[in-house]
Amino acid sequence: MTLLITVFAAVIATIVWYRSAPQDTMKISVLCFLYWGASLMWLVDAVFEYIELQAEYFVPAVEDMINDAFLGGSVVALGLVVWLVILLVKDPEGRVKASVLRKSR
């Protein structure tokens, strides 16, 4: 479930990045790399879990699926938080700087 959720997030982020690829002012490429990295991590985890469990891997308990879905959602949310922090620090359009300068006057 975690792999599925992060792959969907990576595909969506990649589509959004590809549509705005030349400019990338919102640093969507960082979000793509975060989600594809997480997807790769969960893929390796799934392969090793399959090697360990064999056929039982394909019949998970409902509780395990719920936990995996929660973990996948948490990974996507954490990726968004990291991306937002990077976006605020880089401030590609200068909006944070303009807002701070406007309030300090």
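Which residues gather in a patch of negative charge on the surface? They are Asp45, Glu49, Glu52, Glu63, Asp64 and Asp68. The model is predicted, so that local features need pLDDT of at least 70 and side-chain atom pairs count only at pLDDT 80 or more, while totals for chains, interfaces and linings use all residues. Residues are numbered from 1 along each chain as its sequence is written, and side-chain values use heavy atoms, with hydrogens and water left out.

The protein chain has four helices and zero strands (DSSP runs numbered from the N terminus, helices being H or I with at least four residues and strands E with at least two). Its C-alpha atoms fill a box of roughly 65 × 30 × 15 Å along the principal axes. The radius of gyration, taken over C-alpha atoms, is 18 Å, whereas a compact globule of 105 residues would have one near 13 Å (the globule rule is 2.2 Å times the number of residues to the power 0.38).

Helix H2 (28–53) and helix H3 (62–90) each supply at least two residues of the negative patch. Such a patch joins like charges within 9 Å, from residues with over 30% relative accessible area and no salt bridge (a side-chain nitrogen of Lys or Arg within 4 Å of a carboxyl oxygen of Asp or Glu).

Helix H3 holds Asp68 and also Gly72. Asp68 is partly exposed, at 32% relative accessible area, but Gly72 is buried, at 0% (buried is under 20%, exposed over 50%, partly exposed in between, with a 1.4 Å probe and protein chains only). Gly72 lies 12 Å from Met41, C-alpha to C-alpha, and 31 residues from Met41 in sequence. Of the 105 residues of the protein chain, 21% count as buried.

Definitions and conventions: Patch = residues over 30% accessible without salt bridge, like charges linked within 9 Å, V, L, I, M, F, W, Y side chains within 5 Å. Areas by Shrake-Rupley, 256 points an atom, 1.4 Å probe, with all protein chains shown as cover. Lys, Arg positive; Asp, Glu negative; His and termini not counted. Charge placed at Lys NZ, Arg CZ, Asp CG, Glu CD.
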